[in-house]
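Look at the structure shown here and keep the sequence beside it. The paragraphs that follow go through it part by part.

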Amino acid sequence: MPTTLTAFADVTTSDSALRRFLHGLPGVDAVGLEARAASLGTRSIKTTAKAFAIDLAISMIDLTTLEGADTPGKVRALSAKAVNPDPTDRTTPMTAAVCVYPDMVATAKAALNGADVKVASVATAFPAGRAALPVKLADTRDAVAAGADEIDMVIDRGAFLAGRYLETYELIKAVKEACARPDGSSARLKVIFETGELSTYDNIRRASWIGMLAGADFIKTSTGKVGVNATPANTLLMLEAVRDFKAQTGIQIGVKPAGGIRTTKDAIKFLVLVNETVGEDWLSNTWFRFGASSLLNDLLMQRQKLSTGRYSGPDYVTVD
């Protein structure tokens with residue numbers, strides 16, 4: 001299938017055209033969406049399949065520290081854990097990425113020392129996104145120049161909720177352009193919607209389409225900094241959006257639920273959502289990620305239990 005956005009060329013020519021398109025999308029059946037997400041969450045995964053799912057989930061984690069108290073030492077320790085999550089078992093997969101603030105990108109890059117772990121950086125005045133466009137673009141360019149492989153940007157929820165859809169689209173497009181490197185390559189762009197602040201499922205669907213039309217490589221639920229972050233229902237809705245987008249354009253977009261995913265049971269529920277909604281094409285860390293900090297330790301404990309037959313407690317994993 002050719003990969004093209006030609007069919008949507010007229011959609012982003014004006015605010016009114018984009019509004020007509022977004023409000024013409026099918027309305028979300030909230031009850032049906034939540035029921036399907038809950039139903040898929042009851043699937044039982046055992047033994048060999050569970051072991052596979054645990055390793056897959058580990059390989060999909062963006063191991064994250066986004067605190068005002070972050071230090072170079074903490075980032076180096078987190079980077080070491082990303083490369084070697086369980087020092088007692090070298091067969092444990094590496095995580096997909098380490099996610100840090102822009103000023104910690106160079107520290108993470110040096111600590112990873114060429115390992116096959118990406119450095120992701122939040123940008124665009126994370127987490128609120130309340131800054132002028134030049135500031136947001138400078139934030140992005142600084143992170144890319146420091147070596148970020150991926151940028152996790154936040155949309156201006158105020159602009160979106162006020163109905164300024166084209167402004168939201170143009171912000172994402174501008175940040176995507178700011179991800180470019182001098183050698184012609186580009187950092188991958190994850191667009192965070194902060195779904196807990198968007199109020200309705202219809203808004204999440206509209207935000208998903210704005211992000212995809214503007215050039216997002218991933219669409220991401222949340223910053224992890226508000227009360228409601230990733231849920232099975234809002235992630236299912238975003239998976240349906242990337243499925244429909246690929247069907248119409250041939251372009252594949254990744255999905256990243258973030259915030260509130262803390263246990264192996266939670267992670268496996270999300271993997272079932274992926275498999276049943278978009279299929280095996282998305283079951284890799286190229287197209288699906290978990291934004292998490294505490295999730296990795298629970299996955300490691302469950303992995304050790306499957307391997308040894310004994311319960312592994314928190315004392316058997318490193319403290320982040």
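What follows is a walk through some helices, ring pairs and charged pairs of this predicted model.

Start with helix 2, which runs over residues 30–40. Within helix 2, the residues L33, A37 and L40 are buried. On which side of helix 2 do they lie? They cover an arc of only 70° around the axis, so they are on the same side of the helix. The buried residues of helix 2 pack against helix 9, helix 10 (232–249) and helix 11 (264–277).

Helix 9 covers residues 201–214, and R206 is found in it. R206 is buried but has no salt bridge. A salt bridge needs a side-chain nitrogen of Lys or Arg within 4 Å of a carboxyl oxygen of Asp or Glu. For R206, the nearest side chain of opposite charge is that of D202, and it is 4.6 Å away. The side chain of R206 does make a polar contact, at 3.3 Å, with the side chain of H23. Not counting residues up to four places away in sequence, R206 touches L22, H23, L25, F160 and Y165.

Next come the aromatic rings. A pair of aromatic rings is described by the distance of the centres and the angle of the planes. How many aromatic pairs does a search of the whole structure find? The search finds eight. One of them is formed by F8 and F21, with 5.6 Å from centre to centre and 75° between the planes, which is an edge-to-face arrangement. F8 lies in the segment before helix 1 (15–23) and F21 lies in helix 1, so this pair ties together parts that are 13 residues apart in sequence. F8 counts as buried because its relative accessibility is 9%, under the cut-off of 20%. F21 is also buried, with a relative accessible area of 18%.

A further pair is made by Y101 and F126: the ring centres are 6.0 Å apart and the planes are at 75°, so this pair is edge-to-face. Y101 lies in the loop between strand 2 (97–100) and helix 5, and F126 in the loop between strand 3 (118–123) and helix 6 (133–145), so the pair ties together parts that are 25 residues apart in sequence. F126 is buried, with a relative accessible area of 10%. Ring pairs also link F8, F21, W209 and F245 into a cluster.

Is L112 buried or exposed? L112 is buried, with a relative accessible area of 5%. Leaving aside neighbours within four places in sequence, L112 is in contact with S79, V83, V98, V117, K118 and V119. L112 and F218 are 106 residues apart in sequence, and their C-alpha atoms are 23 Å apart in space.

The last topic is charge. Side chains of opposite charge can pair when their charged atoms come close. The count of salt bridges comes to 23. In one of them, R43 pairs with E276, and the closest N and O atoms are 3.4 Å apart. R43 lies in the loop between helix 2 and helix 3 (47–59), while E276 is in helix 11, so the pair ties together parts that are 233 residues apart in sequence. R43 counts as partly exposed at 42% relative accessibility, and E276 counts as partly exposed at 35%.

K74 and D70 also meet in a salt bridge, with 3.5 Å from N to O. Here K74 is partly exposed, at 31% relative accessibility, whereas D70 is buried, with a relative accessible area of 12%.

The side chains of K190 and D152 form a salt bridge too, at 2.9 Å from N to O. K190 lies in strand 5 (residues 188–192) and D152 in strand 4 (residues 150–154), so the pair ties together parts that are 38 residues apart in sequence. Both K190 and D152 are buried. They also belong to a network of salt bridges that links D62, E150, D152, K190, K220, K256 and R289.

Methods: Residues numbered from 1 in each chain as written. Predicted model: local features only at pLDDT ≥ 70, side-chain atom pairs only at ≥ 80, totals over all residues. Heavy atoms only, no water. Helix = DSSP H or I, 4+ residues; strand = E, 2+ residues; numbered from the N terminus. Buried < 20%, exposed > 50% of the residue type's maximum accessible area, 1.4 Å probe, protein only. Lys, Arg positive; Asp, Glu negative; His and termini not counted. Polar contact = N/O pair within 3.5 Å; in protein donor to acceptor, adjacent residues only side chain to side chain. Contact = heavy atoms within 4.5 Å. Arc of directions from axis to C-beta. Phe/Tyr/Trp six-rings, centres within 6.5 Å; stacked < 30°, edge-to-face > 60°.
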